[in-house]
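Biologist: Before I use any labels, I would like to hear what stands behind them. Please put up the model.

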Amino acid sequence: MKHISDNFTKEVDKLLSVTNNIVIVTHANPDADAIGSSLGLYNFLIKKGQNVQVITPNSYPEFLWWMPGNKSIVNFTEDKKIAIEKIDKAQIIFYVDFNETSRIDKLEKYVSKSIAIKIIIDHHPLFNDKADYTLSDDKASSAAELVYEFIALLNNINLIDVEIAKCIFAGIMADTGCFSYNSSKSRTFEIVAELLKFNINKDEIISNLYDNFSSDRFRFLGYCLNEKLKIFPEYHTAIISLTKKELEKFNFKQGDDDGFVNYPLSIKGIIFSAIFTEKDKNVKISFRSKGSFATNKFAKQNFEGGGHINASGGKSDLSLEEAIEKFVCLLPNYKNELDED
Ligand code: 5GP
Ligand code: MN
């Protein structure tokens, strides 16, 4: 559903008519859309004469470091003091690519007690609209697409430059898997067409994001697909599980498993895929589906998670084995929904 607060444009326009200290926060374990949308917004707000700081809850993979403005980002895990100072001084805080503060981990404490005006720009289903102003549309391809819409609403398309265009394009491209999903609306392509007018090098962006992996990651993918894939044909489901030991063996770095969960959906008949990863304190789970099976509902009901219909995540405090067992035992309860497609 699309949700824009009453008087959004008028009020935000008024707020930005004077210089503010602005903080942009995105979700933990930021992906290309999180960084692309945050930096697209960052570069735009800088052009509007604002004092802006992007803060991420933790680090993110090297293949995202090329984005214009990346060097200015503060990672809370590494630079707590600066991050807290910036949040304390902020008059406006943007929530980009998330809308539940639980998604920003340890930053939540500081952001929630801040008296700054909160503005959401997000494309996840919106359950609690706790911000002062919200621009949300769960039908939008990406948060980056909504950053473009935000700029358009403010009548500032004229301020878009090649840097802003690169960031927004990267976010849209990544969250649509190079335009293979989340991208059936003509509006997404209209925006992309506008961005391409800035002579951004599309091929270079694709290469930055997808041809930039370590050999460890490549072998790790081979291992996951060859040794760790389990298929449950009667439930059109496939899973991959990874222990901490296996991650260590392949010199795992954050982001090395990005996109792995999508691969099983290429198998004929598989519409639901999950990847279980053993972390220090819990098990992180990513879910993906094709068609109408609502993985976000599944994640919320069973694994303290959420997200989009076809892409969501969750966690479990059980051991890796127990979490998988729980998952497998749940499948019969969803047989009808899994049979629908
Ligand atoms: P990923 O599997 O790439 O970590 O996440 C896929 C999607 O699910 C993202 O849009 C992300 O925002 C959402 N997501 C992942 N983990 C969680 C979680 O623990 N809680 C909620 N609410 N959403 C999540
Ligand atoms: Mn996103």
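Modeller: The model is predicted, and what follows takes the labels one at a time.

Biologist: What makes helix 5 mostly covered?

Modeller: Buried means under 20% relative accessible area. In helix 5, residues 143–153, nine of the 11 residues are buried. The buried ones are Ala143, Ala144, Glu145, Leu146, Val147, Tyr148, Glu149, Phe150 and Ile151. Just after helix 5, Asn155 has a positive phi of about 60 degrees.

Biologist: How do you know that both faces of strand 9 are covered?

Modeller: In a regular strand the side chains alternate between the two faces of the sheet. On one side of strand 9 are Thr237, Ile239 and Ser241, on the other Ala238, Ile240 and Leu242, and all are buried. The count for strand 9, residues 237–242, is therefore six of six under the 20% limit.

Biologist: Why are strand 8 and strand 9 called paired?

Modeller: Two strands pair if DSSP finds at least two bridges between them. Strand 8, residues 229–232, and strand 9 have four bridges, so they pair, in the antiparallel sense. In one of these bridges, Leu229 has Ile240 of strand 9 as its partner. The two strands form a hairpin with four residues between them, and His236 in the turn takes a positive phi of about 50 degrees.

Biologist: What joins strand 9 to strand 10?

Modeller: Six bridges join strand 9 to strand 10, residues 272–278, and the two run parallel. Six meets the requirement of at least two, so this is a pair as well. Phe276 in strand 10 stands opposite Ser241.

Biologist: What makes the approach of Arg103 to ligand 1 a polar contact?

Modeller: The limit for a pair of N or O atoms is 3.5 Å. A polar side-chain atom of Arg103 lies 2.5 Å from an oxygen atom of ligand 1, so the pair qualifies. Lys284 has a polar side-chain atom 3.2 Å from a nitrogen atom of ligand 1, and an N or O atom in the side chain of His308 is 3.3 Å from an oxygen atom of ligand 1. Of the 490 Å² of accessible area that ligand 1 has on its own, the protein covers 81%.

Biologist: Which parts of the chain supply the shell around ligand 1?

Modeller: Strand 11, strand 12 and strand 13 each supply at least two residues, and strand 13 gives the largest share, five residues. Domain 1 (2–210) and domain 2 (215–340) each contribute at least three.

Note on methods:
Residues numbered from 1 in each chain as written. Chains lettered and ligands numbered in written order. Predicted model: local features only at pLDDT ≥ 70, side-chain atom pairs only at ≥ 80, totals over all residues. Heavy atoms only, no water. Buried < 20%, exposed > 50% of the residue type's maximum accessible area, 1.4 Å probe, protein only. Polar contact = N/O pair within 3.5 Å; in protein donor to acceptor, adjacent residues only side chain to side chain. Areas by Shrake-Rupley, 256 points an atom, 1.4 Å probe, with all protein chains shown as cover. Domains from an automatic or database assignment.
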